[in-house]
Amino acid sequence: MVNAEQKQLDPQYGEPAQYEQTKKKKPQKLANGKIKLDYGPLYHGKRQDPAMKKWRENRFGQFIHWGLYSIPGGVWEGKTYGYAAEFLKASAGISTERWNGLKDEFNPTEFNGKEWASMAKAMGAKYVCLTTKHHEGFCLWPSKYTEFDIENTPYQKDLMKEFVDAYSEAGIDVYLYYSVLDWYHPDWRTKLKTMDDVEAFERFKTFTQNQLVELLERYPQVKGLWFDGTWDQCWKDNGKFSYELEVLLKEKRPGLIVNSRLRADDFGKRHRDSNGDLMGDFESGYERRLPDPRDTSVTKNDWECCMTIPENQWGYHKDWTLTHQKNTNELLEMLAQCSSQGGNFLLNFGPNGKGVFRAEEKRIAREIGEWMKTNSAAIYGSDYAGLKKQDWGYFTKNTKSGEVYMIVFNVPISYQLRVELPKHQTISKANMVGIGQELQLEKFDSNETFVLLPPKSYTSPFVIRLELKANKKSQ
Ligand code: H79
């Protein structure tokens with residue numbers, strides 16, 4: 001037996017082959033100038049299979065953060081902690097033992113899958129992503145691989161089954177969030193410093209794989225997995241594992257969609273490999289931020305922006321007055337921007353420990369839904385329109401019908417909305433969506449036209465549908 005000190009990663013004891021392999025590789029250039037990778041992307045370019053097309057058409061999703069952190073809601077022993085509520089254990093320095101005791105209080109008696117799904121549907125969400133396990137390690141489903149799960153709470157029941165069934169029946173695609181980082185599991189390590197760490201992490205990888213396979217087997221309707229908590233050195237040094245995990249999960253569930261956070265390559269590069277190519281099916285680095293609205297390079301890959309309503313609260317926090325709360329029009333503008341650049345918008349909700357959404361969330365969901373009732377044609381199935389962005393808002397183009405939409409957020413004082421088209425095209429007609437009113441056009445340059453708005457006060461964003469025609473002399 002070697003003692004603990006000897007077990008430090010001393011060269012005389014060597015390192016397990018798997019660990020060595022990802023840590024010590026030297027980059028090799030291929031004939032095309034690219035770095036040779038054994039664990040790069042599974043494919044290049046955008047996936048065009050039906051499952052991924054559906055993901056793209058959905059454009060708008062509901063994110064749900066729900067776990068033990070939803071009980072204290074950012075408040076511990078009378079003190080309010082302003083940082084993200086799901087981080088309360090860390091920000092208030094709560095011992096693991098005390099935090100884990102929250103499991104005995106988790107009893108969401110007000111949870112009703114059908115009501116949740118109908119709220120999401122009325123909002124216009126086409127997909128949902130639920131936290132099955134966040135950093136705290138608590139599992140919302142009854143897992144064979146841990147005691148720290150819903151089965152061992154006063155609630156006991158498999159609420160995830162009710163959730164997945166209700167959303168699926170409502171026609172909303174279900175995705176599952178899974179944090180690899182785990183504050184509960186004794187084998188989780190951020191960095192592998194000793195042989196013990198390496199061995200523990202091997203067990204942790206098995207645990208992770210088992211849980212993910214378990215999720216896919218238990219919930220057959222699930223369309224994809226949304227990974228998080230993969231930024232630590234341990235994961236970056238295990239590119240081989242994340243590659244093999246992606247392969248395995250996709251074999252288990254053909255068509256499965258995974259975000260770019262799952263992967264690290266041979267040299268520890270995340271999201272994008274050492275050659276700059278995306279790993280996973282969509283770029284998920286846009287957390288609480290959007291790309292520059294004029295940046296067309298983002299249209300090369302699928303991507304998604306996940307967004308909170310307050311500044312940075314994912315889990316339920318009792319006090320939302322601490323930071324700016326985005327209003328409905330601000331959120332609609334983000335949704336429109338995502339659609340205009342070929343991305344999805346995933347808007348977060350954090351129900352409380354009883355399973356109740358806060359009043360502000362219900363109101364925002366209702367208001368978004370009202371807008372979507374009239375205007376969703378400019379969102380669902382839409383993509384980058386190939387037109388130069390203008391200051392009044394965003395162009396989108398429906399990929400099936402080819403119809404072009406203008407989603408207007410800033411009405412100019414002149415009431416003139418500038419549109420610049422390719423030389424071979426002209427606008428033949430412009431209609432206000434909803435009212436149907438035809439708008440006057442003024443062509444003022446070979447390829448520029450003003451869409452003229454009736455002068456009045458505009459109080460909410462609106463959509464204009466353009467009919468385009470090819471010029472006679474087009475080449
Ligand atoms: O679930 C929500 C948050 O709780 C979770 N992701 C969203 C979807 C989240 N966990 N951590 N964070 C967000 C912020 C963490 C940032 C950091 Fe880092 C981790 C700072 C240092 C390590 C990521 C990696 C940013 C810099 C390096």
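Reader: How far does a polar side-chain atom of Tyr 177 lie from an oxygen atom of the ligand?

Author: This is a predicted model, in which local features need pLDDT of at least 70 and side-chain atom pairs count only at pLDDT 80 or more, while totals for chains, interfaces and linings use all residues. Residues are numbered from 1 along each chain as its sequence is written, and side-chain values use heavy atoms, with hydrogens and water left out. A polar contact is a pair of N or O atoms within 3.5 Å; within protein, one must be able to donate a hydrogen and the other to accept it, and residues adjacent in sequence count only if both atoms are side-chain atoms. For Tyr 177 and the oxygen atom of the ligand, the distance is 3.4 Å.

Reader: Which residue has a side-chain N or O atom 3.0 Å from a nitrogen atom of the ligand?

Author: The residues that surround the ligand (each with a heavy atom within 4 Å of it) include His 134, His 135, Asp 228, Glu 287 and Trp 314. In the side chain of Glu 287, an N or O atom is 3.2 Å from a ligand nitrogen. At 3.0 Å from a nitrogen atom of the ligand, the residue is His 135.

Reader: What is the angle between the planes of Trp 235 and Phe 241?

Author: Rings of Phe, Tyr and Trp (its six-membered ring) pair if their centres lie within 6.5 Å; planes under 30 degrees apart count as stacked, over 60 as edge-to-face and the rest as tilted. This rule gives 33 aromatic pairs. Trp 235 and Phe 241 form one that is edge-to-face, with 5.7 Å from centre to centre and an angle between the planes of 85 degrees.

Reader: Why does Trp 235 count as buried?

Author: Buried means under 20% relative accessible area, exposed over 50%, and partly exposed in between (1.4 Å probe, protein chains only). Phe 241 is buried because its relative accessible area is 7%. Trp 235 counts as buried because its relative accessibility is 1%.

Reader: Which residue just after H6 takes a positive phi?

Author: Helices (H or I, at least four residues) and strands (E, at least two) are DSSP runs, numbered from the N terminus. Helix H6 covers residues 159–169, and its buried residues include Leu 159, Phe 163 and Tyr 167. At the start of H6, a side-chain oxygen of Asp 158 comes within 3.1 Å of the backbone nitrogen of Met 160. Just after H6, a positive phi of about 80 degrees is found at Gly 171.

Reader: Which residue has a side chain in polar contact with the side chain of Tyr 394?

Author: Tyr 394 belongs to strand E12 (residues 393–398) and is buried, with a relative accessible area of 5%. The polar contact of its side chain, at 2.8 Å, is with Glu 333.

Reader: How far is Lys 389 from the ring centre of Tyr 394?

Author: A charge sits over a ring if NZ of Lys or CZ of Arg is within 6 Å of the ring centre and within 35 degrees of the ring normal. The charged end of Lys 126 sits in this way over the ring of Tyr 380, 4.5 Å from its centre. Lys 389 lies over the face of Tyr 394, and the distance to the ring centre is 4.6 Å.

Reader: Which side chain is joined to that of Asn 312 by a polar contact of 3.3 Å?

Author: Asn 312 lies in the loop between strand E9 (303–307) and helix H10 (328–340). At 17% relative accessibility, Asn 312 counts as buried. The polar contact of 3.3 Å joins the side chain of Asn 312 to that of Arg 288.

Reader: Is Glu 77 buried or exposed?

Author: Most residues other than glycine have a negative phi. Arg 59, which is not a glycine, has a positive phi of about 60 degrees, and at 1% relative accessibility it counts as buried. Glu 77, also not a glycine, has a positive phi of about 50 degrees and is located in the loop between strand E2 (75–76) and strand E3 (79–80). With a relative accessible area of 64%, Glu 77 is exposed.
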